[in-house]
Amino acid sequence: MEKYVIKGGNPLVGEVEIGGAKNAALAILAAATMTDETVYIDNMPDESDTNAMLQAIASTGAHVERVDRHAVKINASAVHNYTIEDYIKKIRASYYLLGAFLGKYKQAGVVLPSGCNIGLRPIDQHIKGFTALGATVNIEHGIIDAHADKLVGSHIYLDVVSVGATINIMMAATMAEGKTIIENAAKEPHVVDFANFLNSMGANIKGAGTDVIRIKGVERLHGTEYTIIPDQIEAGTFMLAAAATKGDITVKNVIPKHLESISAKLIEMGCQVHESDDAVRVVATRRLQNTHVKTLPYPGYPTDMQPQITVALGLASGISIVTESIFENRFKYVDELTRMGACIKVEGSTAIIEGVDKYTGAVVSAPDLRAGAALVIAALTAEGYSSVEDIKYIERGYEDFDQKLRDLGGIIEKVDSERDEQKFKMKHA
Ligand code: EPZ
């Protein structure tokens, strides 16, 4: 089984190019099936999640042509299968094909997504939206089936701010008759990017990025060429890596405004943060100071950046408090971090962190995507050797993660044998 082996202690220094946003790409790829014309998408991240979405799309009969690592052409004129049964186990986001196919074909079926390591992940708000638009939604034999004679615009109030539900309902409403209003909508950058993509196909969506999204249904959508925005969370992950390793990293090809809540916390922690048009530089030469963080929907501090800041605060002076307000089980990695010497007590949705002078290398396992990346950061700061197992989670959402860290001076390699691990340790003795 592949894992990362790491020798900690080197500050990470240099520049890193940030790729396309995974959570925008997954929605945009699904929505590309809503026209019978060809859609060209670039700046797509080459990660297992986006590749699994492309497989799910191809399984419906759509034509998927990989132009290069970061660009794809999709033509859905030949779609013949409206029920996707295989891929949801690989990625939960294949449920975006529900909204896409319900909008375009007025019928869709997707295997009910399971929970994951960060919480239950219900989809009641997705179903609430589809039903409000006139669809009949049944869950039978583990399949969510949604169908409608026609979809009619509606006034939908989300009970909880949900990125997925906002996106899925937007897709179905785009091809409903009349007007739809989505209240309490998610405002994440990838929700805005998604709305911009749909509008580039001829949709009529206004208000994305605010609490209220207004959609006027259209008869059909046309082909488009679209470039996905940079990944806010990949950028934030490298920014926190700079902070934790007392390094100096410039994340390039980013939209600084999307990173404001992360930059603000880094400044509270004593880092220098320098912004330019499409780059942010984080310099952390002194020991980090403690602070408090509460994860919130955008523009608040992102839940997907919670493990990374907890790792950094675990090395800060003083007591810090991190509250996870989005998911109910997103501190599982703290047990792993404790093996590296962290002093953190989790009480429900709050982690009370007493900063320690250093972490020490250990064998840890990635419980989920973002926690896995955070444990790699911890290992890069730790004294001695670490190995991070279950890196398949990390590779779902980070392209060339180990290579990018090596280019910044991190001593990290991906190995899949005991022999290679020993070779790594001898090379870096
Ligand atoms: C998206 O998940 C992201 N995934 C997640 O990123 C991210 O953590 C999350 O948004 C929050 O920003 C993708 O975009 C593919 P939600 P999603 O619906 O849409 C509750 C990563 O690491 N809820 O905004 O599933 C839910 O339980 C991943 O890239 C309902 O109650 O998240 C949670 O408490 C991890 N009913 C809250 O809303 C619903 O019908 C926010 O979830 C839907 C959600």
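Let's start with helix 9, where eight of the eight residues are buried, so this helix is largely enclosed by the rest of the structure. Here, buried means under 20% relative accessible area, while exposed means over 50% and partly exposed lies in between, using a 1.4 Å probe and protein chains only. Helices (H or I, at least four residues) and strands (E, at least two) are DSSP runs, numbered from the N terminus. The buried residues of helix 9 are Gln 306, Pro 307, Gln 308, Ile 309, Thr 310, Val 311, Ala 312 and Leu 313.

Before we go on, a word on what you are looking at: this is a predicted model, in which local features need pLDDT of at least 70 and side-chain atom pairs count only at pLDDT 80 or more, while totals for chains, interfaces and linings use all residues. Residues are numbered from 1 along each chain as its sequence is written, and side-chain values use heavy atoms, with hydrogens and water left out.

What does helix 9 lie across? Helix 9, residues 306-313, lies across strand 18, strand 19, strand 20 and strand 21, and runs at about 170° to strand 19. Axes are lines fitted to C-alpha atoms, for helices over the stretch in contact, and angles run from 0 to 180 degrees between N-to-C directions. Contact means heavy atoms within 4.5 Å.

Those four strands form an open sheet in the order 18-19-21-20, with mixed pairing. Strand 18 (292-294) and strand 20 (344-347) stand at the edges with a single partner strand each, so one side of each is left without a neighbour in the sheet. On average, neighbouring strands of this sheet are turned by 10° against each other, direction ignored. Two strands pair if DSSP finds at least two bridges between them. Strand 19 (residues 319-323) and strand 21 (residues 350-354) run antiparallel and are joined by five bridges. Within this pair, Ile 319 stands opposite Glu 354 in strand 21.

Helix 8 (residues 260-268) brings us back to helix 9. The buried residues of helix 8 are Ser 261, Ile 262, Ser 263, Lys 265 and Leu 266. They pack against helix 7, strand 16 (272-276), strand 17 (279-283), strand 18 and helix 9. Just after helix 8, Gly 270 takes a positive phi of about 100°.

Five bridges join strand 4 to strand 5 (residues 71-75), and the two run antiparallel. Asp 68 stands opposite Ala 71 in strand 5.

For a parallel pair, turn to strand 10 and strand 11, which are joined by three bridges. In this pair, His 155 stands opposite Ile 181 in strand 11. Strand 11 (residues 179-183) is mostly covered, with four of its five residues buried.

The loop between strand 9 (143-147) and strand 10 (155-157) holds Leu 151. Is Leu 151 buried or exposed? Leu 151 counts as buried, because its relative accessibility is 0%. Leaving aside neighbours within four places in sequence, Leu 151 is in contact with several residues, including Leu 102, Leu 133 and Ala 176.

On a 1 Å grid over the protein atoms alone, a cavity is a set of points where a 1.4 Å probe fits but cannot get out, and a pocket is an open set with protein on both sides within 12 Å along at least five of seven lines; lining residues have an atom within 4 Å of a point. The structure holds two cavities of 30 Å³ or more. Helix 1 (22-31), helix 6 (189-200) and helix 7 (232-244) each supply at least two residues of the lining of the largest cavity. Among the lining residues of this cavity are Lys 22, His 190 and Gln 232. The second largest pocket is lined by 18 residues, of which Lys 104, Met 175, Val 218, Glu 219 and Arg 220 lie nearest its centre.

Notes. Grid points are joined across faces, edges and corners, and a volume is the space filled by probe spheres set on the points.
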